[in-house]
Structure formats: C-alpha cells, structure tokens
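Reader: I am new to reading protein models. Could you walk me through this one, question by question?

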Amino acid sequence: MTLFAGSALLLWAGLVVWSVSLAQSEAEAVELVRNTTPDGAEFWVMPRKSELTYYPCAQCHKLIPPNPEVRKLFSPHPSELDHGDERIWCLTCHDIEDRNTLTNLLGESVDFDRAAEVCASCHMQRHQDWMFGGHGKRRGDWQGERVIYSCPQCHDPHTPTIKPRAPKPPPPVRKGLARPLHPEAEEYLSVWERLESDDHD
Ligand code: HEC
Ligand code: HEC
Ligand code: HEC
Ligand code: HEC
C-alpha cells in the first residue's frame, strides 16, 4: 500500500515537472513580431500563425486551382463573409498566388503574423490608435518591452463585430457575516430587513 502510494506520488511529481517544462518551452517558442511606430518607438506583437487550424494553407491549395469567383463556399471554410457590407471578398485579404500569406490593398504579401497591416489598409485610424496604445490590449505590465495583441486576437476577420455579451449576475449576498452593531439598534438590520419592518403609518 505504502509502496503504491509512493510510486503514485513519484508519478505525480514527474507529471508536474514535465508540465512545467512543457509550459516553459511553449513560452520560449513564442516568437514576438517586431514593429515600430512612425516615430521609431519599438513594440512587439503576439504572433498568430501558431493559432491557425488550417495553416499552412498550401497543403491543400497547391492542389486546388485558385477560384476568384465570389460564391458560397463549401467546407472546410466559412460559407459566408460578414465583413465590409459585401464590398470585400476573401481575396481582398488572402493572396491568390501565395496561399500561405495575406495581402494588403497595394497587392503586397503580408505574413499572417502581421495581419494588423492588412486591417490598416482600410482601418487606418483604428490601426493608428492600436499602435499608440489607444485600442487593443497590452500583455504583461506597463514596464519593460511593450507587447500587444494583434487585431485577430479579438476580431475574427470574417465576422469582426464584437458580439454583445449578457452581463454576469451580481455576486450573491454573503450570508452569516458578523455585522457591526448599529449604535442605536440592538441588532443591526440590513436595508431590506429595515424596509420590511419599518412602520410607515
Ligand atoms: C483541408 C484543405 C484546405 C486547407 C488546409 C485550406 N483550404 Fe482554402 N479551400 C479549400 C477548398 C476545398 C476550397 C474550395 C471550396 C469551394 O469552392 O467551395 C477552398 C477555398 C478557399 C478560398 C476561396 C478562393 C478560392 O481560390 O477558391 C480561400 C480564400 C481559401 N480557401 C483560403 C484558405 C486559407 C487562407 C487557408 C490557410 C489558412 C486555407 N484556405 C486552407 C480547402 C482548404
Ligand atoms: C478582412 C480580411 C479578410 C477577409 C475578407 C477574409 N479573411 Fe480569412 N483571414 C484573415 C486573417 C487576418 C486571418 C488570420 C486570422 C487569425 O490570425 O486568427 C484569416 C484566416 C483565415 C483562415 C484560417 C483560419 C484558421 O484558423 O486556420 C481561413 C481558412 C480563411 N481565413 C479563409 C477565408 C475565406 C474562405 C474568406 C472568404 C470567405 C476569407 N478568409 C476572407 C483575413 C481575411
Ligand atoms: C478592404 C477593406 C477592409 C479591410 C482590409 C478590413 N476591413 Fe474591417 N471593415 C471594412 C468595412 C468597409 C467595414 C464596414 C462595413 C461593415 O460593418 O462590415 C468594416 C468593419 C469592421 C469592423 C466593425 C464592424 C462593426 O461592428 O461595425 C471591425 C471590428 C473590423 N472591420 C475589423 C477589421 C479587422 C480586424 C481587419 C483586419 C483583419 C479588417 N477589419 C480589415 C473594410 C475592411
Ligand atoms: C484586445 C482586443 C482588441 C484588439 C487587439 C483590437 N480590438 Fe478592435 N475592438 C475591440 C473591442 C472590445 C471593440 C469595441 C466593440 C464595440 O464597442 O462594439 C473594438 C472595436 C473596433 C472597431 C469598431 C467597431 C465598431 O463597432 O465601431 C474597429 C473598426 C476595430 N475595433 C478594429 C480593430 C483593428 C484594425 C485592430 C488592430 C489594429 C483592433 N481592432 C484590435 C477589441 C480589440
């Protein structure tokens, strides 16, 4: 029995050590993307490629002839695009020649890790705010290197509107807490208890 418990403990300790080292190597594997503001201040952006399910795209697309026609797509892709009021299509942002990259309005290839530069083609003001810290979110604290999230961390480029969320219910009233005694009352009553017992005549 003790032997069993001992080996179970060892196994558990081994698992903990393994998962800690896994977490560390994962953190090291994140290669931040260097950027600079127009006035030269350096900042870093969290990469996105590692988050994508279908990357590298060429694994399928090298076999499929590109089809620029606007149409309802079949699996595996989203069948519809809810962005840009039907004025834009997949190939506005996805490079038709190099399927592993994005493209901006100048027709230049843009890496998936630099998606914000694609958004910037049309949302220049928002991109400017993001670059200077007025939009989006910074990781870590306010000291040291400035690391921020890229636009698709929060906006799905295919349905970018942020959906409204129902507010969380308020926390429950904590029962059984010792309340301080009211100077004039023998027993302290909560507001609703007082309202109930108040004589309004
Ligand atoms: C599992 C295979 C597969 C992978 C991986 C894949 N695609 Fe596709 N993709 C397809 C198929 C199949 C179609 C055609 C669907 C249709 O015609 O309805 C398609 C169509 C498209 C289209 C429409 C334009 C065209 O040429 O048909 C775009 C844009 C696209 N894919 C982008 C991507 C991007 C970007 C990636 C990588 C992030 C990717 N795909 C990865 C299978 C794939
Ligand atoms: C406004 C620009 C834009 C348009 C239009 C657009 N995409 Fe994308 N797409 C992106 C960006 C940016 C990403 C990377 C998202 C991320 O980092 O999570 C992406 C990611 C993808 C992926 C990879 C998703 C994954 O998790 O692997 C596929 C597949 C894809 N797009 C297909 C399409 C198809 C098909 C269309 C047209 C119906 C389309 N996109 C239209 C910008 C766009
Ligand atoms: C080719 C131009 C173009 C590009 C590139 C583009 N957008 Fe848009 N986007 C639009 C237009 C036009 C609208 C307004 C129409 C609409 O609401 O769909 C819009 C609307 C939006 C909205 C607001 C939707 C709302 O609720 O009003 C968000 C958020 C957004 N885009 C995010 C992005 C992000 C993130 C990227 C980069 C991945 C991006 N856009 C790239 C043209 C673009
Ligand atoms: C940390 C998350 C986050 C990041 C990163 C982020 N956004 Fe947003 N964005 C939001 C939220 C939250 C809103 C407010 C949504 C609302 O008010 O309905 C918003 C609003 C917007 C809107 C206006 C939508 C509207 O309803 O008027 C646009 C356009 C937009 N973002 C584009 C971008 C672009 C472009 C980038 C990258 C350069 C970006 N965002 C980065 C969270 C983010």
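**A walk around the ligands and the sheet**

Author: By class, the shell around ligand 2 has 15 nonpolar, 6 polar and 2 charged residues; here Ala, Val, Leu, Ile, Met, Phe, Trp, Tyr, Cys and Pro count as nonpolar, Asp, Glu, Lys and Arg as charged, and the others, Gly among them, as polar. This is a predicted model, in which local features need pLDDT of at least 70, side-chain atom pairs count only at pLDDT 80 or more, and totals for chains, interfaces and linings use all residues. Residues are numbered from 1 along each chain as its sequence is written, while chains are lettered from A and ligands numbered from 1 in the order in which they are written.

Reader: Which helix gives the most to the shell around ligand 2?

Author: A residue is near a molecule or strand if its C-beta atom, placed from the backbone, lies within 6 Å of it. There are 23 residues around ligand 2, and Arg48, Tyr54, Cys90, Cys93 and Pro152 come nearest. Helices (H or I, at least four residues) and strands (E, at least two) are DSSP runs, numbered from the N terminus. With 3 residues, the helix that gives the most to this shell is H3, residues 90-93.

Reader: Which element supplies the largest share of the shell around ligand 3?

Author: Ligand 3 has 19 residues around it, with Cys119, Cys122, Cys151, Pro160 and Thr161 nearest. Two or more residues each come from H3 and H4. By class, the shell around ligand 3 holds 10 nonpolar, 7 polar and 2 charged residues. The largest share, 4 residues, comes from H4.

Reader: And which element gives the largest share of the shell around ligand 4?

Author: Of the 15 residues around ligand 4, the nearest are Cys119, Gly136, Lys137, Cys151 and Cys154. This shell divides into 7 nonpolar, 6 polar and 2 charged residues. Helix H4 (116-122) and helix H5 (124-132) each supply at least two of its residues. The largest share, 3 residues, is that of H5.

Reader: Now the sheet: which strands stand at its edges?

Author: The open sheet has 3 strands in the order E1-E2-E5, with mixed pairing. Strand E1 (33-36) and strand E5 (147-148) each have a single partner strand, so one side of each is left without a neighbour in the sheet. The edge strands are therefore E1 and E5.

Reader: In which sense do E1 and E2 pair?

Author: Two strands pair if DSSP finds at least two bridges between them. Strands of a sheet pair through backbone hydrogen bonds, either parallel or antiparallel. Over 4 bridges, E1 and strand E2 (residues 42-45) pair in a sense that is antiparallel.

Reader: What is the bridge partner of Trp44 in E5?

Author: E2 and E5 pair in the parallel sense over 2 bridges. In E5, the partner of Trp44 is Val147.

Reader: What share of the chain counts as buried?

Author: The chain has 6 helices and 5 strands. A residue is buried if 20 or more other C-beta atoms lie within 10 Å of its own, exposed if 12 or fewer, and partly exposed in between, with C-beta atoms placed from the backbone. Of the 201 residues, the buried share is 7%.
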